[in-house]
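Please look over the sequence and the structure shown here before reading the report that follows.

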Amino acid sequence: MNKVKWGVIGAGGIADRRTIPGMLLADNAELTAIMEVNTALTEKLKQKYNVKYAYTDHLELLANPEIDAVYISSPVAYHKAQIIAAAVAGKHILCEKPIAMTIADCDEVISACENAGVLAATGFMMRYHGYHRKIKEMVADGALGQVVSARAQLTCWYPDIEGSWRQDKAQAGGGALMDMGIHCIDLIEYITGSKTVKVGAFNDTKTFKYSVEDSSLVIIKLANGLTASVDSNFNIPDDAAFCRLEIYGTKGSIVAEGTIGQVETGTVRVVLPGDSISYNAAQDRERTAETTLDVELGNMYAKEISSFSNSILTGAPVEVPMSDSVHVQKIITAAYESSEKGIFLDV
């Protein structure tokens with residue numbers, strides 16, 4: 001088998017905008033089947049991608065013996081049943097986050113995949129961004145010294161839209177934090193190589209009328225002592241958003257703008273004063289040691305699909321195992337409880 005034959009469950013939305021186009025760029029992957037509940041959309045996508053099979057029922061797709069792996073990007077409320085069905089059918093699984101509505105459901109999903117002997121990964125595609133990988137390398141090499149503070153931000157403009165499942169708590173499980181903040185928390189842990197041990201949060205629906213939060217601020221403390229903040233919003237205009245990732249240490253800082261998002265782009269400023277660090281009562285900030293990162297960028301979704309396909313074909317370890325998603329969802333769950341009770345919680 002030279003290529004993994006993929007089926008896509010929930011082929012509209014992010015799958016159509018980003019993941020399927022990325023899949024078509026991966027040399028070791030082949031789009032073989034799609035599934036959408038809407039018949040007209042299913043036919044439209046079949047023609048758009050010239051795909052061999054198209055279904056309106058995920059069980060029919062999973063029964064197809066040609067399919068090796070599935071990518072699931074349906075509403076969160078359906079993830080558990082679809083992942084378990086895929087595992088039983090012997091298909092390897094890449095699922096968008098969160099993988100299920102509750103931690104108990106997540107644990108059940110993980111067990112089903114392990115019992116079936118299939119590989120399972122989560123769609124934290126931002127780990128594959130060229131800048132994020134370089135930043136992680138620099139932090140690991142000690143370029144920033146002791147990392148003491150971090151911040152990550154992801155926002156969008158998402159007004160009330162009738163029928164939008166992401167604005168319905170029963171289908172999505174949560175709002176800005178669950179949909180976007182989860183990426184930011186994962187990125188901070190990925191880059192710093194440390195796990196969250198304590199969390200506090202403020203979540204609210206300030207601007208719109210839907211049942212999930214449109215505003216979230218989360219404060220986390222990691223096992224290595226780092227404190228970080230994550231802000232995610234559905235109520236900031238896209239043109240006004242910077243979507244920053246900031247990492248500060250005792251030897252310097254890295255500030256990225258526009259790297260957190262659906263496109264592998266952005267700019268990264270690096271300040272490494274070197275031996276010139278000293279106490280300055282005037283607090284002059286000339287930043288004479290500032291440079292920018294320049295790395296080769298590509299398509300995060302293509303890299304994500306290629307990486308998971310490579311694990312299927314060669315037995316290489318899965319880069320973003322589904323268990324990582326469960327860990328981050330525990331943080332998210334604690335953040336919701338923290339906001340409701342007004343207290344910090346251990347994770």
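Contact here means heavy atoms within 4.5 Å, and helices (H or I, at least four residues) and strands (E, at least two) are DSSP runs numbered from the N terminus. The model is predicted, so that local features need pLDDT of at least 70 and side-chain atom pairs count only at pLDDT 80 or more, while totals for chains, interfaces and linings use all residues. Residues are numbered from 1 along each chain as its sequence is written, and side-chain values use heavy atoms, with hydrogens and water left out.

In helix 1 (residues 13-23), the buried residues (under 20% relative accessible area, with a 1.4 Å probe and protein chains only) are Ile-14, Ala-15, Asp-16, Thr-19, Ile-20, Gly-22 and Met-23. The elements against which these buried residues pack are listed below.

| Partner of helix 1 | Residues |
|---|---|
| Strand 1 | 4-9 |
| Strand 2 | 29-35 |
| Helix 2 | 39-49 |
| Strand 4 | 69-72 |
| Helix 9 | 300-314 |

A nonpolar core is a set of buried Ala, Val, Leu, Ile, Met, Phe, Trp, Tyr and Cys residues joined through side-chain atoms within 4.5 Å. The largest such core has 79 residues, of which Trp-6, Val-8, Ile-135 and Ile-247 touch the most other members. Helix 8 (residues 176-192) gives the most to this core, namely 11 residues. Apart from it lies another core, of 25 residues, including Ile-67 and Val-118.

Helix 6 (residues 130-140) packs with helix 8 at an angle of about 45°, the two axes being 8 Å apart; the axes are lines fitted to C-alpha atoms over the stretch in contact, and angles run from 0 to 180 degrees between N-to-C directions. Ile-135 and Val-139 of helix 6 are among the residues making this contact, as are Leu-187 and Ile-191 of helix 8.

Notes. Buried means under 20% relative accessible area, exposed over 50%, partly exposed in between (1.4 Å probe, protein chains only).
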